[in-house]
Amino acid sequence: MIRVRSLRWRLTAFYLGLLSGLLILLGVTQYFVIREVLLRSNAEVLANDYTALQLAFKRQQQSSKTTTPIQRLLLSKQFAQALTLSNSRISVAIIGPAGLIVATAPATLTPDEQPPQLRTDQYQAALRGRSRAYYLAPIGDPPTTYLTVLRPIEVSARTIGLAQLSVPTDGIEQTLRQDRWLVLVGSAAVLLLALLLTPLIVARALRPLNQVARTAGALAAGDYQQRVPGPHGDDEIGKVALAFNEMAGGIEQAFEMRRQSEERMRQFVADASHELRTPLTALAGYIDVLGRRDSVDPETLQSSLAAMQRESGRMTRLVWDLLTLTRIESGRGPTLRPLSLDAWLAGALDELGLQDEGVTATRQLAPGITVNIDPDALKQVVNNLAQNALKYAPGAEQHWRCFAEGSRAAFRLEDTGPGISAQDLPHIFERFYRGEKARDRAAGGSGLGLAIAKSIVEAHGGTIEATSPPGAGATFTVWLPRVVEPAKSST
Ligand code: ADP
């Protein structure tokens with residue numbers, strides 16, 4: 001059944017409607033044009049016939065008569081009859097100077113019948129030289145239409161009357177009837193052909209749109225790999241199909257990213273739970289042991305309490321690290337402002353008080369480098385790097401530098417500790433990753449310190465990298481985009 005709401009059938013109906021309208025307009029216009037041409041050419045034939053006959057009649061009569069008898073003759077029945085000789089269907093009326101019929105010569109009409117008669121004002125106008133190319137005059141019942149021509153009867157360049165020549169229009173009407181029939185049959189044939197072909201053409205043109213609809217349905221059902229099959233034309237529908245495929249690609253990518261992010265989140269939650277479970281189990285163990293004893297000697301109590309304190313401290317640090325990481329990754333970006341890198345780094349190192357911890361820390365801070373940073377957020381990076389050096393390179397020296405390279409600025413920490421094994425190096429920025437030697441919980445942290453540092457640096461549009469040539473300690477470099485204009489303020 002035809003669905004009127006489908007675009008295919010609406011386009012077909014519109015096209016056929018338009019075509020019908022145009023065919024009707026064309027048919028009507030050509031009908032009237034042909035009718036006019038036929039009437040005019042027949043009227044011209046009548047007028048030419050009259051001119052020739054009048055000349056011949058005048059020549060024949062002129063030799064013996066004076067002007068006045070010729071005038072009378074030209075207004076007579078004899079002249080009227082002479083005019084009917086060329087065509088038996090012509091009926092003639094001679095109109096006198098007063099605009100009245102003075103003689104008639106019906107050819108095929110019975111004697112009491114009259115040739116068609118026009119209105120007096122039309123005769124008067126024609127006598128004054130303003131006759132139309134032709135007139136249409138009905139006569140009889142049922143009426144027969146006559147094509148009528150009025151020609152002036154002139155003697156010595158003076159109009160003395162009118163000759164009215166009329167022929168029935170049945171011949172013309174017959175031609176017009178045939179023409180009408182031809183146009184009707186032709187138009188019907190064109191419409192029938194259009195009715196058969198248009199739905200096929202429209203369906204073919206709309207096929208890519210149907211494919212787009214099918215693909216959209218598949219996407220909605222969760223099949224993100226579906227695409228509108230090619231080849232796509234250069235037309236509007238082809239462009240729609242191409243744009244749709246691009247959109248589908250974007251959706252697939254977005255869903256893949258979401259899947260990966262959910263996977264990461266699941267892994268993160270699993271790792272975090274695992275990390276929390278260890279100190280919790282330890283705490284529960286100590287509580288259990290202490291609870292089961294009737295009496296506990298002070299030494300055991302002290303050592304148990306100290307261990308419980310360590311475990312709860314570890315848990316607190318872990319929870320804070322988790323919170324920090326979550327805040328950086330899900331919260332607003334850092335609040336950046338242009339600062340002088342050396343001044344800021346010097347301030348951050350002073351706050352750490354490394355000397356108080358007995359660490360030999362040197363500084364080599366190049367001045368005049370401006371960076372756009374959130375000073376407090378970035379201090380945490382300095383802190384994490386320094387704390388790692390303290391933990392994994394105890395007693396080693398720390399060399400802090402800042403410098404610029406082209407459009408980048410950097411600060412770097414080199415320690416003279418044992419360095420990082422080639423096995424650990426690619427993983428140390430991953431969450432919860434602890435190096436081989438750091439797995440001993442007493443020394444190691446939660447494995448989040450460098451992950452937090454990486455997140456903070458990346459939120460600044462920078463990168464962090466670690467190198468550790470064998471036997472040469474560990475080197476951490478934080479790269480930041482450099483501000484080339486002079487800094488407006490500094491710490
Ligand atoms: P943690 O919280 O365990 O310190 P981090 O993410 O800060 O975790 O560090 C990850 C791993 O990188 C550490 O377990 C350690 O093995 C290694 N590491 C980090 N800094 C140093 C360093 N200065 N020297 C040697 N190893 C280091």
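# Close-up views

**View 1. D374 in its loop.**
D374 is found in the loop between β8 and α9 (helices, H or I of at least four residues, and strands, E of at least two, are DSSP runs numbered from the N terminus). This is a predicted model in which local features need pLDDT of at least 70 and side-chain atom pairs count only at pLDDT 80 or more, while totals for chains, interfaces and linings use all residues. Residues are numbered from 1 along each chain as its sequence is written, and side-chain values use heavy atoms, with hydrogens and water left out. D374 has a relative accessible area of 15% and therefore counts as buried (buried is under 20%, exposed over 50%, partly exposed in between, with a 1.4 Å probe and protein chains only). Between the C-alpha atoms of D374 and D271 the separation is 29 Å, and the two residues lie 103 residues apart along the chain.

**View 2. Strand β8 and its two partners.**
Strand β8 covers residues 370-373 and runs antiparallel to strand β6, residues 337-340, with 4 bridges between them (strands pair if DSSP finds at least two bridges between them).

**View 3. Strand β12 and its other neighbours.**
In β12, 7 of the 9 residues are buried, so that the strand is mostly covered. Strand β10, residues 408-415, is antiparallel to β12 and is joined to it by 7 bridges. Within β12, T475 is the residue that stands opposite E414. Strand β11, residues 463-467, also pairs with β12 in the antiparallel sense, over 5 bridges. In that direction, V478 of β12 is the bridge partner of I464.

**View 4. The largest nonpolar core.**
The largest nonpolar core has 43 residues (a core is a set of buried Ala, Val, Leu, Ile, Met, Phe, Trp, Tyr and Cys residues joined through side-chain atoms within 4.5 Å). The residues with the most contacts inside this core are V381, L385, W400, F411 and F476. Helix α9, residues 375-392, gives the largest share of the core, 6 residues. Domain 2 (236-324) and domain 3 (334-481) each supply at least three residues to the core (the domain bounds come from an automatic or database assignment). In soluble globular proteins, nonpolar side chains tend to be buried together.

K379 forms a salt bridge with E351, and the closest N and O atoms of the pair are 3.0 Å apart (a salt bridge is a side-chain nitrogen of Lys or Arg within 4 Å of a carboxyl oxygen of Asp or Glu). K379 lies in helix α9 and E351 in helix α8, residues 341-352, so the pair ties together parts that are 28 residues apart in sequence. K379 is partly exposed because its relative accessible area is 23%, and E351 counts as exposed at 58% relative accessibility. E351, D376 and K379 are linked in a network of salt bridges. The structure holds 14 salt bridges.

**View 5. Salt bridges within single helices.**
In the pair R266 and E263, the closest N and O atoms of the salt bridge are 3.2 Å apart. Because R266 and E263 are 3 residues apart in helix α6, residues 236-292, they are separated by about one helical turn. R266, with a relative accessible area of 52%, is exposed; E263, at 37% relative accessibility, is partly exposed. K454 forms a salt bridge with E458, with 3.5 Å between the closest N and O atoms. This pair sits in helix α10, residues 449-459, where K454 and E458 are 4 residues apart and therefore separated by about one helical turn. K454, at 30% relative accessibility, counts as partly exposed, and E458 is partly exposed with a relative accessible area of 44%.

**View 6. A nonpolar surface patch.**
L192, L193, L195, L196, L197, L200 and I201 make a nonpolar surface patch of about 720 Å². Patches are made of residues with over 30% relative accessible area and no salt bridge, with like charges joined within 9 Å and nonpolar side chains (Val, Leu, Ile, Met, Phe, Trp, Tyr) within 5 Å. L192 is found in helix α5, residues 170-220. The relative accessibility of L192 is 53%, so this residue counts as exposed.

Key. Areas by Shrake-Rupley, 256 points an atom, 1.4 Å probe, with all protein chains shown as cover.
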